[in-house]
There are 2 protein chains.
Amino acid sequence: MKTGVAELISDRMDSMPAGERRAAQALIAGYPVVGLKTVAEFSQVAGVSSPTILRFVARLGFHNYPEFQAALQDELAAQLQSPASRAGLPQPSRRGGVPPTVEATLENIHETFRHVSEKQIADMVTLLSNPKAAVFLIGGRFTDPVAHYMAAHLTIIRPNVLHLAGQESNWRDRLIDMGKRDVLLIFDIRRYQESLARFAEKAHQRGVHIILFTDQWLSPIARFARHVVVGRTAVPSPWDSSAALFVVAETLIGELTRRLEADSARRIGEMEGLR
Amino acid sequence: MKTGVAELISDRMDSMPAGERRAAQALIAGYPVVGLKTVAEFSQVAGVSSPTILRFVARLGFHNYPEFQAALQDELAAQLQSPASRAGLPQPSRRGGVPPTVEATLENIHETFRHVSEKQIADMVTLLSNPKAAVFLIGGRFTDPVAHYMAAHLTIIRPNVLHLAGQESNWRDRLIDMGKRDVLLIFDIRRYQESLARFAEKAHQRGVHIILFTDQWLSPIARFARHVVVGRTAVPSPWDSSAALFVVAETLIGELTRRLEADSARRIGEMEGLR
DNA sequence: CCGACGCTGTATCGTATGTTACGATTTTTG
DNA sequence: CAAAAATCGTAACATACGATACAGCGTCGG
């Protein structure tokens, strides 16, 4: 039975000393190329000494280093030569390659983007690309980190970005600063938070453009939103998954960065100068 | 301009002597694996002598054999890292909707879970399932929201969970509370933050179990980590993507919830009662 | 607190590897 | 057809590579 080197590693990884484990991680990170280099180079990449590398390969069951390299080469040859190698056979042990909940997540992301048109994304990016208009972000109990993540990026590429966090009384007072040209990004999945809905309504009354990220059951805030992004959240797990919304957020960040390229490049340059 | 080795060969193939041409054909036939073997083996496969191999690589423009091998390795590394070559496009039916960056993200998630074994996940879950041991979470500039997201869930299903946020001086003092049984979850992708590394080292000296979420270039914290999760972050965008790490985090949350089902159900019940 | 064990790095050794010189053989050219 | 040129293989060489012995160090158990 020909068991792959990568599996050998993940099997015995935990029964290894610290140094050899570093070797294992370095090999996985640059698989399999670093294993084809010399022992000295390998050791340097892994940050350990040469003998540790040799002990590492010995623990995997090889009698010497060349034998270990030969195994890698055979594996590589088999992988590259078979034209059907694209289907994802490299892990014969694990069926489907990924755990079911991850598979569901992948499916969710895919499905989410089938319903979010590129035009919709472009429209939202346009809204966000006006540097005069302020951008506010807020989220619910589990989704606020996603809002935070998005805010961390937006702050870099454009001014007037504010993540509304902390005490409710804290951000409620920010309503006073919101005007017709401004944008409010809300993340809200079930169970939908009452406080968020109240906040959204007030903002809506002030003429703020609301962009809502929610799940397929639609937060009540959708009523006030200019744009609604529906992300699939169902996974075989006790929790809902926010991964799809996370990816949508990253996509918006990327697109907006592209759009503002000229301006944001100068801005980033200035920021570097301030260090 | 970096022209591939294979192209170099086909360019100059016809201006080669018979022996070197045999070498070229042998290399193309088993590309690039035979080129990574020793000169003697290469010569044997090609059916020529060692010096002929040397003259062959010299004609391609390389000064010596190791330089030639290094070029092959670089080429191979670049080829393996770009997902387009391998897993390719397993979904030819619905390639329409998703933008390229999303496609890359999906591929990243898939690839990430090829290297994270289920056993590794199970081990990490075991570490996290001890309610006596405290769990601390921290992240870098862009990844701290992911840590926050994970903390929000963990807090519900088990006690002694603390997200280290805010001022550096703030969480540094928390070291005093960390002991040998405790677990520290760190998210760190490039550019790796100096402050995080210092913190990790201190925690490591106190005997804390460190679980590291990083990118394929391995944060220096890997040196101190008991478990290292390598997430793919490359996307066709100015930013790196944290989506893969996000999904890993969700997976851990789900698995841990399942493991603690009995305890956490009672705990959640109590929480409901407190409203 | 102390002894034993295991892990890791430094230094050293033998050897396999890449490299070069030179002569044999084939191919080319006048 | 002969001489010259070019190509190729055999053999000797030097380097650097993998392998090993040993000592320092931290860690665990008594």
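The domain assignment divides chain A into domain 1 (5-87) and domain 2 (100-273); such bounds come from an automatic or database domain assignment. The C-alpha centres of these two domains of chain A lie 43 Å apart. The model is predicted: local features need pLDDT of at least 70, side-chain atom pairs count only at pLDDT 80 or more, and totals for chains, interfaces and linings use all residues. Residues are numbered from 1 along each chain as its sequence is written, chains are lettered from A and ligands numbered from 1 in the order in which they are written, and side-chain values use heavy atoms, with hydrogens and water left out.

Chain A and chain B are in contact (heavy atoms within 4.5 Å). Chain A contributes 69 residues and chain B contributes 67 residues. Together the two chains bury about 6100 Å², of which 61% is on carbon and sulfur atoms. Buried area here is the accessible area (1.4 Å probe) that two parts lose on being put together, summed over both. On chain B, seven helical segments are involved: α3 (33-36), α6 (65-81), α7 (100-115), α8 (118-128), α9 (144-157), α12 (243-259) and α13 (261-273) each supply at least two residues of the side that touches chain A. Helices (H or I, at least four residues) and strands (E, at least two) are DSSP runs, numbered from the N terminus. By class, this side of chain B holds 35 nonpolar, 16 polar and 16 charged residues. The classes are as follows: Ala, Val, Leu, Ile, Met, Phe, Trp, Tyr, Cys and Pro count as nonpolar, Asp, Glu, Lys and Arg as charged, and the others, Gly among them, as polar.

Polar contacts also cross this interface. Between chain B and chain A there are 14 residue pairs in polar contact, both residues at pLDDT 80 or more. A polar contact is a pair of N or O atoms within 3.5 Å; within protein, one must be able to donate a hydrogen and the other to accept it, and residues adjacent in sequence count only if both atoms are side-chain atoms. Salt bridges between chain B and chain A number zero. A salt bridge requires a side-chain nitrogen of Lys or Arg within 4 Å of a carboxyl oxygen of Asp or Glu.

DNA strand C has 16 residues around it, and A:Gly19, A:Thr52, B:Val39, B:Leu54 and B:Asn64 come nearest. A residue is near a strand if one of its heavy atoms lies within 4 Å of it. Sugar and phosphate make up 67% of the atoms of DNA strand C that come within 4 Å of the protein. For A:Gly19, a backbone N or O atom lies 2.4 Å from a phosphate oxygen of DNA strand C; for A:Ala18, the corresponding distance is 3.1 Å. The side chain of A:Thr52 places an N or O atom 2.8 Å from a phosphate oxygen of DNA strand C. Two or more residues of this surface come from each of α2 (18-29) and α5 (50-59) of chain A, and from each of α4 (39-46), α5 (50-59) and α6 of chain B. The surface near DNA strand C has nine nonpolar, five polar and two charged residues.

A polar side-chain atom of B:Thr52 lies 2.8 Å from a phosphate oxygen of DNA strand D, and one of B:Ser49 lies 2.9 Å from a phosphate oxygen. From chain A, a polar backbone atom of A:Tyr65 is 3.1 Å from a phosphate oxygen of DNA strand D. The elements giving at least two residues each to this surface are α4 (39-46), α5 and α6 (65-81) of chain A, with α2 (18-29) and α5 of chain B. Nine nonpolar, five polar and two charged residues form the surface near DNA strand D.

Over all chains, the structure holds 17 salt bridges. One joins A:Arg198 to A:Glu194, with the closest N and O atoms 3.9 Å apart. These two residues are separated by about one helical turn, because they are four residues apart in helix α11 (residues 194-205) of chain A.
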